[in-house]
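Subject: Structure handed over, with notes

Hello,

Here is the structure I said I would pass on. Please open it beside this message and follow along.

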Amino acid sequence: MEEIKKRIMIIGATSLMAEHCARIWVKDSPVDLTLVGRSTQKLEQVAEDLKVRSPHSNFNILQTDFIDPIAIRALIDKFFEIGTVDIVLIAHGSLPDQNACQDNLVDCHRELLVNGVSPVLFAEACAFHMQQSDYGRLVVIGSVAGDRGRKSNYIYGAAKGLVTRYVQGLQHRLADTNVKVTLVKPGPTDTPMTAHLKSKNQKLASVQDVAKLIVDAVDRGESTVYAPRKWGLIMMIIRHLPTIVFNKMNI
Amino acid sequence: MVAVSSWGRLKSSEHNVLEFSDRSQIQNLLKSNFPGVAHGMGRSYGDVCLNSNGNLWFTRGLDRFISFDSKTGKLICEAGVLLKDIQQMMVPKGWILPVTPGTQLATVGGAIANDVHGKNHHVLGTFGNHINKIKLVRTNGDIIECGPTLFPEFFSATVGGFGMTGVITEVEIQLRPVAGPWLNTEIIPYNDLDEFFNLADASEQEWEHTVSWIDCLSKKGRGIFMRGNHTDLNLGDIPNKSQLTVPFTPPVSLVNKLSLKPFNMFYYYLNKCHKSNTLSHYESFFYPLDNLQGWNKMYGPRGFYQYQCVIPREFGRDAILEMLNQITLSGDGSFLAVLKTFGDFKSVGMMSFPQSGVTLALDFPNKGNYSLRFFERLDAVVKEATGRIYIAKDARMSRDMFESGYPRLNEFLKYRDSGISSEFSRRLIGS
Ligand SMILES: Cc1cc2nc3c(=O)[nH]c(=O)nc-3n(C[C@H](O)[C@H](O)[C@H](O)COP(=O)(O)OP(=O)(O)OC[C@H]3O[C@@H](n4cnc5c(N)ncnc54)[C@H](O)[C@@H]3O)c2cc1C
Ligand SMILES: NC(=O)c1ccc[n+]([C@@H]2O[C@H](COP(=O)([O-])OP(=O)(O)OC[C@H]3O[C@@H](n4cnc5c(N)ncnc54)[C@H](OP(=O)(O)O)[C@@H]3O)[C@@H](O)[C@H]2O)c1
């Protein structure tokens with residue numbers, strides 16, 4: 001008898017963090033995996049790789065517009081219509097140049113949409129179905145940057161802060177259900193997003209370690225996870241620094 | 001700029017690092033970021049993977065598989081995939097890389113560019129012997145696909161071509177079937193070089209993998225011979241062993257006169273008493289050092305050199321004895337001295353290192369000019385015996401030594417990408 005495969009959807013599936021989560025999921029057992037992104041070609045590269053790793057898994061690729069609420073709703077509705085969904089991971093994001101966002105409101109607007117509004121729309125569309133079926137795990141990748149605004153990246157931070165507050169509310173809404181919502185807050189991690197930070201000698205976590213923490217947090221149904229975990233402590237300190245001290249820091 | 005060093009840690013220098021992750025973007029990225037050179041895992045000991053103050057193209061992000069045919073064992077993957085990833089995924093499926101070096105923490109691209117060899121050279125040749133196709137991106141935007149029958153000259157220049165012919169992006173490898181992860185292995189001590197050669201010859205027919213550790217402080221060349229064959233016996237896999245890490249760089253080399261002699265004696269007698277016939281997991285048999293992460297730091301902040309040469313068989317014994325003699329005279333020595341015979345395989349690469357004969361590899365802590373002068377004495381022996389030095393391990397040989405060891409250099413240069421330059425190429429090819 002063929003085992004029933006977990007149905008998983010990854011939004012922003014070309015993100016390196018997401019790709020490494022997928023590698024862990026397919027390693028555990030064959031899955032039914034839907035990869036959502038904005039570039040079919042890149043999604044295909046990810047799917048080909050996973051297919052070699054797990055020949056018995058099923059893979060689907062969906063290309064969509066990430067800020068069009070109508071398209072998002074249609075995509076999610078269709079996916080849930082087909083059958084029960086075990087996990088949805090919302091991973092996309094982009095780390096903008098803060099100065100560019102200050103100088104140009106078009107940039108600022110786009111980054112707020114991609115990092116803040118877009119993941120919320122996807123999550124909201126999923127929450128509806130998960131609540132109805134009283135089943136499923138929803139994981140959203142936020143950031144430590146959402147914990148406290150700072151001058152070097154507060155546009156990105158503000159969008160991630162929006163995600164944090166949104167997930168908090170959603171967790172409250174779904175507290176009495178079997179649906180588990182997880183917010184992941186990575187610290188600086190070695191992915192294409194941070195390639196430019198290496199030259200500044202910034203220490204970056206390995207993407208494999210972060211992906212492992214994400215997958216484990218989903219398994220356990222944790223509500224918030226810092227990845228690597230030490231960031232929980234660091235951000236607690238940063239959040240509690242008095243303004244007078246914080247504003248003197250060059251971060 | 002990012003500080004990068006190679007495995008020998010002779011220096012750490014600033015590089016403008018460009019990380020590849022999407023193979024469809026390489027053509028675009030190269031156009032505006034050359035000259036430079038590809039860098040895989042930096043497991044080469046010397047300067048082939050370095051380009052101080054210039055561009056360095058990191059290929060580790062190109063780590064995707066593309067397709068695998070479980071009937072034929074043909075694997076297509078990106079060039080930054082680690083040999084380890086292939087082994088761990090494929091061995092449980094009944095396939096294994098036909099040839100691997102003594103570390104599996106190297107990339108497919110790096111293994112091709114140095115046309116690496118393993119313990120089974122006499123049976124399966126080099127890594128390049130198992131490559132069906134290579135896709136190269138050149139700095140002028142050209143994309144070239146080559147293989148043993150498709151643009152064979154380009155293929156022959158690229159295999160063992162130190163990354164000089166373009167960036168390898170995709171590769172088709174022919175894996176070989178294997179029953180499981182286990183090998184039948186034997187450990188046999190030898191008292192001198194004649195015994196070593198007898199053992200190597202006697203093992204050639206019946207044993208796929210052969211290698212030996214030689215006590216380079218012994219004048220006659222005693223050592224421990226190891227051989228192994230894959231076995232059908234299936235015990236399942238073993239759980240991941242714990243990894244040890246060298247936590248920091250000691251201020252001076254831990255490998256010195258005081259530590260070397262007792263270590264070599266200890267290792268020799270330990271293995272001499274060892275039960276001679278055992279079952280070994282492929283990871284511990286093929287890649288014994290991979291479990292000691294960062295062992296290269298043991299040599300302290302000045303780093304170390306590896307000296308590896310190959311000598312044609314007819315001069316092998318005498319040349320090796322003379323080199324051991326030089327080592328004894330210098331009082332310097334090496335923990336990791338490996339002696340092994342190569343088979344008669346003709347390498348596919350114009351610049352491939354392996355050739356029929358015997359290869360000796362030795363590690364030495366960097367003692368500046370003292371080391372350099374000592375290596376010149378070894379060079380003289382190698383040159384006289386018409387041998388050559390392995391470029392993957394080299395950071396110091398002279399142009400003369402290079403040109404005498406690699407007679408196909410001029411032919412090779414026709415296929416070079418003029419937008420690729422490394423510290424190795426500037427040192428030995430002039431640009
Ligand atoms: C412990 C240890 C044991 C070893 N044992 C052996 C052995 O038994 N046999 C053996 O042959 N070697 C051995 N080596 C050497 C090692 O296998 C080679 O140096 C190998 O090339 C390292 O691969 P890398 O990915 O680290 O490449 P790097 O060292 O980063 O680069 C090596 C060369 O490959 C080129 N290159 C890398 N990627 C690409 C690409 N995508 N396209 C074009 N060019 C590229 C670089 O430009 C450079 O010229 C050993 C090394 C270590 C550390
Ligand atoms: N890396 C870090 O240090 C770090 C730290 C904290 C939080 N995070 C968060 O972690 C998540 C994963 O990022 P990553 O590190 O894996 O980075 P990554 O590999 O660069 O991935 C970024 C992903 O976002 C997508 N994306 C970017 N802009 C988009 C847009 N305008 N519309 C649609 N999709 C867009 C990318 O799609 P394409 O492939 O099509 O470009 C890609 O899938 C993100 O939410 C990020 O904010 C990362």
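A polar contact is a pair of N or O atoms within 3.5 Å. By that cut-off, Tyr156(A) makes such a contact with ligand 2, because one of its polar side-chain atoms lies 2.6 Å from an oxygen atom of the ligand. Bear in mind that this is a predicted model.

The ligand site

Which residues come nearest to ligand 2? Of the 26 residues around it, these are Thr14(A), Lys42(A), Tyr156(A), Thr189(A) and Thr191(A). Thr191(A) has a polar side-chain atom 2.7 Å from an oxygen atom of ligand 2. For Thr189(A), a polar backbone atom is 2.7 Å from an oxygen atom of the ligand. On its own, ligand 2 exposes 890 Å², and the protein buries 89% of that.

The shell around ligand 2 is made up of eleven nonpolar, twelve polar and three charged residues. Helices α1 (16-28) and α6 (154-173) of chain A each contribute at least two residues to this shell.

The sheet in chain A

Chain A has an open sheet of seven strands with parallel pairing, in the order β3-β2-β1-β4-β5-β6-β7. At its edges are β3 (58-63) and β7 (224-227), each of which pairs on one side only. On average, neighbouring strands in this sheet are turned by 15 degrees against each other, direction ignored.

To see one pairing in detail, look at β1 (residues 6-11) and β4 (residues 87-90) of chain A, which run parallel and are joined by four bridges. Within this pair, Ile10(A) stands opposite Leu89(A). Helix α5 (residues 105-133) of chain A lies across β1, β4 and β5 (137-141), and runs at about 170 degrees to β5(A).

The sheet in chain B

Chain B has an open sheet of eight strands with antiparallel pairing, ordered β16-β12-β14-β13-β19-β20-β18-β21.

Strands β12 (residues 182-190) and β14 (residues 223-230) of chain B run antiparallel, with eight bridges between them. There, Leu183(B) has His230(B) as its bridge partner. Helix α9 (residues 313-330) of chain B packs on the sheet and touches β13 (209-214), β18 (304-311), β19 (338-342) and β20 (357-365). The direction of α9 makes about 15 degrees with that of β20(B).

Regards

Definitions and conventions
Residues are numbered from 1 along each chain as its sequence is written. Chains are lettered from A and ligands numbered from 1 in the order in which they are written. This is a predicted model: local features need pLDDT of at least 70, side-chain atom pairs count only at pLDDT 80 or more; totals for chains, interfaces and linings use all residues. Side-chain values use heavy atoms; hydrogens and water are left out. A residue is near a molecule or strand if one of its heavy atoms lies within 4 Å of it. A polar contact is a pair of N or O atoms within 3.5 Å; within protein, one must be able to donate a hydrogen and the other to accept it, and residues adjacent in sequence count only if both atoms are side-chain atoms. Accessible areas come from the Shrake-Rupley method with a 1.4 Å probe; for residues, only the protein chains shown count as cover. Ala, Val, Leu, Ile, Met, Phe, Trp, Tyr, Cys and Pro count as nonpolar, Asp, Glu, Lys and Arg as charged, and the others, Gly among them, as polar. Two strands pair if DSSP finds at least two bridges between them. Axes are lines fitted to C-alpha atoms, for helices over the stretch in contact, and angles run from 0 to 180 degrees between N-to-C directions. Contact means heavy atoms within 4.5 Å.
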